[in-house]
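Visitor: Before we go through this protein, I would like each label to be set against its definition. Could you take me through it in that way?

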Amino acid sequence: MMSTDLRSAMGEFKVHRVRFFDYMPSGIRALAFNQDTERMAVARMDGSVEVFHCSDRFFQEKIIPGREQCGIEGLSWVGERLFSAGLNGGITEYDLTNQKVKYTIDAYGGPIWTITGNQQGTHLAVGCEDGTVKLFEVNEDQIQFERNLDRQKSRIISLSWHPSGSKIAAGMMDMIQVFNVETGHSIHRMLADRGAGTSRSKECVVWSVVYLSDGTIITGDSVGMVKLWDDQTGTLIKSHNVTKCDVLALSVSQNEDSLVAGTSEGIVVQFQFVSMVLEKDDKEWVRTRTFRNHTHDIRAVAEITTAVVSGGMDAQLVVRPLLDKIEVRSAASALRKIHFPHRRLVSCARKSGLMLFQYPGHLELWRLGESEGKGTPGSSLFVKRNPEKLLQLKVKGEDHIRCSAVSPCGGWIVYSTASTLRLYRLHCDNNNISITKISKLPKVLSSANQLCFSSDSSHLFSASAQSSVHIASLSQSGCKFVGTLKPKSGSHQAIHLLAASEDGKWLASANSDHEVHIYNLQTQKAHCTVPVYSSAVTAMGIHPATNCLFMMHADQQMFEYSIEQKQYTDWSRTVQRKGLHRFWVERDTPCLNVMFNPQNPSHVILHDMYMLCIIDQSLPLPDDKTQFYNQLTLKSLTEEQRKSQSHAFKVCKTFKDILCVELMPDQSLVVVERPLEDIATQLPAPIKQKKFAT
């Protein structure tokens, strides 16, 4: 940990720069795009599944935590339902409303390498280790095994339905089989060439297959080839040598005029179906672009309406815009790299200087260090007491942690998985730490989507199913159920944000339907609902002096709502009337925390992954002609000139790759950074050859 003195037009803060949270994102294993809902599902190596809203700045609106030993190999949408399959041999359907696994059934074919649904939304097909392609009928409440297609001698690696739903192409070792779905028999068997030289002794693995409506079958294989086949004659039409390594993933656009291939070198190659001669109808697939945005294997690609989305071993989700498909250039059409979750993994006990770090399978509690004296702006201060790891709490069972919190006083720790909620009492005696599990919890506290303590640490708020919030009182004798807060809207969507007021009177919740509900904690009744805005809430907080709710949205818009008056504040109306500076709106990572400075009530403090910002509500808003990043300019001006040049937004880019910022009661800032280069050094070396079951 390093302490820094930060002084500028923003004010003066001592900053604890925390870099001992070794957060490690999990690699991306599969992608599935739902054209109708504009949602992208992402499966990671740790078994977690995330859903991003593509038309809301790729906000990560749902996270379903993983489980130990749950290797997902494929994802597939059927309508608005999401399914996965993996090496444990099971097919899983997800309850996206409550963000958890709905059920898992065994396919009885050994490890499953691929899963895909037909366009009609009636059937799922899975490819198994035992050489079978198994068909499952999608019923209203569950899926049901229907039958096997003709069994093959080798494992089924990849599958693709013909858009009509009458045929299925299967990629295997050294061959591609085409099945008639009605009869279950193989119509064609196409042999994949093992390539020249030493690789001839190795089997050719057909990693990916795409079946087009005109009968063309496109494959990507371990020899580095993208091949086009004719399903009528079962013959090879054309080969494209893309890489010396593997072509691991393929995806075709909705209108079948563009194809992207992801390789084990970290390169995405685009092919387009174009006329070679002007005004001629004869079209062919031509390699047109190469994108280099990854360092490791690309395990999944998906071409969406205006962009190519890719992910792999380096754990970043890359959204690469296709400029020929974008009519108006905007922030939404910029290259986007998503490194960190759009949720907070750090909780801070502000009154006791403790930090709780959430890993998938355990929690760590640290005490912040202390520094001496004051320094010049930007200087490092001498650390007289190093930060100290006080506790590591391992999760019981196989489920990963969904959410966690430490109370402001540092006396309570709570976490929840999809199936259990656990509450602990912390006892600090001099330098000895002991922890007691609260064994008798109210039955309603079975699991939570979000957790939060009251500012005086006397109550725990647990976001439950159907957008409801359970309240429990905390005391030396344990935990007691107080009541349940329910929204009037009747929404079933899960809550992803909670914010409690400093005076203990109000609680605000935000859910995936973009609803923000405010409750009166004294009467335990719904007080009001903020008007629904088109973009998701990414962060919110209640001002300690005014009890106004400040909300940040995925599209970078901000609103301030007076809880007592049940309306937007004058400042908020001014922001909406005048608009925000384009440099602010074009930022590509969401704000993840809203804080307030009790010593300066007009200041609102925000942060995203790249910057810390103080909004001074007493100063004028910048327009697009104003210099937005103006701190250096202001420093060189006289006091009088400074007043005329100042505007409300003070942005600090001293810190990078920020996971969390908190303002402590002593006016110091805690900034938790996770440098991307540190993550990169912990990744395995880029591998050229994909191995089974890894």
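Guide: Two strands count as paired if DSSP finds at least two bridges between them, and strands themselves are DSSP runs of E with at least two residues, numbered from the N terminus. This is a predicted model, in which local features need pLDDT of at least 70 and side-chain atom pairs count only at pLDDT 80 or more, while totals for chains, interfaces and linings use all residues. Residues are numbered from 1 along each chain as its sequence is written, and side-chain values use heavy atoms, with hydrogens and water left out.

Visitor: What makes β27 and β28 a pair?

Guide: 5 bridges join β27 to β28 (residues 307-312), and the two run antiparallel; the definition asks for at least two bridges, so the label applies. Within this pair, Ile298 stands opposite Gly312 in β28.

Visitor: Which strands are the edge strands of that sheet?

Guide: The open sheet has the order β27-β28-β29-β30 with antiparallel pairing, and its edge strands are β27 (298-303) and β30 (336-338), each of which pairs on one side only. Neighbouring strands are turned by 15° against each other on average, direction ignored, where the axes are lines fitted to C-alpha atoms and angles run from 0 to 180 degrees between N-to-C directions.

Visitor: Why is strand β19 described as largely enclosed?

Guide: Buried means under 20% relative accessible area, against over 50% for exposed and partly exposed in between, with a 1.4 Å probe and protein chains only. Because 6 of the 6 residues of β19 (residues 206-211) are buried, this strand is largely enclosed by the rest of the structure. β19 and β20 form a hairpin with 4 residues between them, and Gly215 in the turn has a positive phi of about 95°.

Visitor: How do you know that Lys134 has no salt bridge?

Guide: A salt bridge needs a side-chain nitrogen of Lys or Arg within 4 Å of a carboxyl oxygen of Asp or Glu. For Lys134, which is buried, the nearest side chain of opposite charge, Asp130, is 4.4 Å away, and there is no salt bridge.

Methods. Lys, Arg positive; Asp, Glu negative; His and termini not counted.
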